[in-house]
Amino acid sequence: MKIVKNIAEYSDAMGLTMSLGMFDGVHKGHQEIIKKLKKHSETHQLESALLTFWPHPRKVLQPEVEIKLLNTLEEKLQLLERFGIQKTFLQEFNDDFRNLSGEDFVKQILLDKLHMKHIVIGYDHHFGKNKSGNFELLEKMASENNFVVEETKAVLVNELAVSSTKIRNALSEGDIITANEFLGYHYPVSGTVVAGKKIGRTIGYPTANIDVDPIKLLPKNGAYIVDVELNRQMYKGMLSIGTNPTVNGTKKTTEVYILDFDQDIYGENITVYFRDYLHDEIKFESLEKLIERLDEDKQLTIDFFK
């Protein structure tokens, strides 16, 4: 997949079949759009492309509001490539861009610069200043400017329309099953293994402390069953998100215990894939009680993977 970071310098005259938006999560709804792009690109000899934004527009429009995303930029680009997008335009959401009306955006960016021939847009998607761009505008402009516009319907899972907001809400409630069903894959969290307090190794449960990108949304505090990817090898694990209240911790950490594993992996990149929720964060009255619960969690994890 080719990544274009400066649209102003883009000069490829090949026509595009494309969509636009944040595509945070690249969930089943997004995947349906990508399927349509791939089909159209193969039928009409066009390149499939997305125009997406970084940072998130809300970072510019509401800088005082903290936003957590389902994907880091690296994760999103990897997913787009995995699902078959050929070209991704990374547009900085700056003042010049945010002040374009929907019509000017279509004319100046999509048509004049990107030579769009076909666009697929989500059923509820708006773009341009004051959300002035939508399917109706594109439909009106299509016949005058020789392009085709296609609208997708909501993708339903368990009779609910899939959306990034619903996935964020599910993760915030520890509902991993629903989040994964909406995503169409197991929710990943990646980072570098860093040194922690090393309390786990003193009780027979050494953990890898993961330094996670601050923009990444973590599921609610608690214990989880996870797959663990390290150096292209897959392992089974159980993961804890929280402050370690049993030992009076105050800093939020993400730590994974990898089953049947005993290696020094400080400085390594690690990815965990959430499979299921075990329980809320608990403050135990003693380390002995903590160990008892870890033993139970370990057996539940073993049973899950059976």
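I looked up the aromatic cluster: F53, F93, F97, F105 and F127 form one. The model is predicted, so I kept to its limits: local features need pLDDT of at least 70, side-chain atom pairs count only at pLDDT 80 or more, and totals for chains, interfaces and linings use all residues. Residues are numbered from 1 along each chain as its sequence is written, and side-chain values use heavy atoms, with hydrogens and water left out.

I searched the whole structure for aromatic pairs and found twelve. Rings of Phe, Tyr and Trp (its six-membered ring) pair if their centres lie within 6.5 Å; planes under 30 degrees apart count as stacked, over 60 as edge-to-face and the rest as tilted. F53 and F93 pair edge-to-face, at 6.0 Å centre to centre with 80° between the planes. F53 lies in strand β3 (residues 47-53) and F93 in the loop between β4 (87-91) and α4 (95-98), so this pair ties together parts 40 residues apart in sequence. Helices (H or I, at least four residues) and strands (E, at least two) are DSSP runs, numbered from the N terminus.

I noted that F53 and F93 are both buried (under 20% relative accessible area; exposed is over 50%, partly exposed in between; 1.4 Å probe, protein chains only). The ring centres of F97 and F105 are 5.5 Å apart and their planes at 90°, so that pair is edge-to-face. F97 is buried at 10% relative accessible area, and F105 is buried at 3%.
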